[in-house]
Amino acid sequence: PDVVRMALTLYQETLRRPSLTAYCLDFSGSMEGPGEADLKQAMALLLEPARARDVLIQAGQRDRILVIPFDSSPRAVHRGSGDADDQARLLATVNQEIAGGGTNIYACARRALEEMRNVPDLESFLPAVVLMTDGKSDGALDDMLAARQGTVSRIPVFGITFGNAEAAQLNNIAEQTSARVFDGTKSLVRAFRTARGYN
């Protein structure tokens with residue numbers, strides 16, 4: 001078991017193709033309370049290297065991470081890498097966010113795809129967008145799909161549900177982008193592994 005564990009860690013941190021993952025984090029009013037708490041706990045699992053390493057979802061040094069909190073529109077884009085200091089900075093940013101406002105998951109996904117379109121060496125990465133939300137959104141799917149043309153057309157847009165989830169919109173996005181939807185209260189590790197290209 002120890003040898004297998006070392007081999008998996010070596011693959012995850014060094015040998016695999018680096019990931020480029022954008023996390024769209026729903027801090028709208030409907031996420032207030034348990035949804036917001038669960039979302040922050042999920043990001044702690046992902047961005048605290050020791051915890052992530054225990055379940056083999058840790059980032060490698062070459063990975064790139066985008067964190068985009070949103071409500072009715074993206075609040076900001078925070079960029080980082082697999083470096084431990086970068087991840088700590090990203091997690092601190094997440095923990096400062098407070099739920100409030102409307103919801104537009106499509107606008108955040110569009111912003112994430114636009115960010116990826118501007119990465120000059122995009123083909124060197126395993127890219128994915130991860131929507132972490134309760135699935136209650138204004139806006140229109142067509143707005144997001146318009147941003148998927150060209151170099152970002154093959155990027156999957158995964159959904160992870162929190163709070164009192166309404167997954168219908170996320171399921172539709174997943175179907176259109178060859179992705180999947182996961183229950184954030186049950187299958188976080190599986191969701192993060194799948195989104196980062198580790199199956």
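# Salt bridges and fold of a predicted chain

User: Which residue does R51 pair with in a salt bridge?

Analyst: R51 forms a salt bridge with E48, and their closest N and O atoms are 3.5 Å apart. A salt bridge here is a side-chain nitrogen of Lys or Arg within 4 Å of a carboxyl oxygen of Asp or Glu. This is a predicted model, where local features need pLDDT of at least 70 and side-chain atom pairs count only at pLDDT 80 or more, while totals for chains, interfaces and linings use all residues. Residues are numbered from 1 along each chain as its sequence is written, and side-chain values use heavy atoms, with hydrogens and water left out.

User: Is R51 buried or exposed, or in between?

Analyst: R51 is partly exposed, at 38% relative accessibility. E48 is also partly exposed, at 30%. The classes are buried for under 20% relative accessible area, exposed for over 50%, and partly exposed in between (1.4 Å probe, protein chains only).

User: How many salt bridges are there by this rule?

Analyst: The count comes to 10. One of them joins E36 and K40, with the closest N and O atoms 3.0 Å apart.

User: Where do E36 and K40 sit?

Analyst: They are in helix 2, residues 34–47. E36 and K40 are four residues apart there, so about one helical turn separates them. E36 counts as buried because its relative accessibility is 14%, and K40 is buried at 17%.

User: What about E115 and R111?

Analyst: Their side chains meet in a salt bridge at 3.5 Å, N to O. Both residues lie in helix 5 (residues 105–117), four residues apart, about one turn of the helix. E115 is buried with a relative accessible area of 16%, whereas R111 is partly exposed with 32%.

User: Which residues are linked in a network?

Analyst: D71, R75 and E97 are linked in a network of salt bridges.

User: And how far apart are the mean positions of the positive and negative charges?

Analyst: For the 22 positive and 25 negative charges of the protein chain, the mean positions are 6 Å apart. Lys and Arg count as positive and Asp and Glu as negative, with His and the chain ends not counted. Each charge is placed at NZ of Lys, CZ of Arg, CG of Asp or CD of Glu.

User: Changing topic. How many helices and strands are in the chain?

Analyst: The protein chain has eight helices and six strands. These are DSSP runs numbered from the N terminus, helices being H or I of at least four residues and strands E of at least two. In sequence order the pattern is α-β-α-α-β-β-α-α-β-α-β-α-β-α.

User: What radius of gyration does the chain have?

Analyst: The value is 16 Å, which agrees with the figure near 16 Å for a compact globule of 199 residues. The radius is taken over C-alpha atoms, and the globule rule is 2.2 Å times the number of residues to the power 0.38. Along the principal axes, the C-alpha atoms fill a box of roughly 50 × 40 × 25 Å.

User: What share of the residues is buried?

Analyst: Buried residues make up 51% of the 199 in the protein chain.

User: Which residues is S19 in contact with?

Analyst: Neighbours within four places in sequence aside, S19 is in contact with D63, R64, F125, L126 and R196. Contact means heavy atoms within 4.5 Å. S19 lies in strand 1, residues 19–26, and is buried with a relative accessible area of 1%.

User: What fraction of the chain's contacts joins residues 24 or more positions apart?

Analyst: Such pairs account for 74% of the contacts with a separation of 6 or more.
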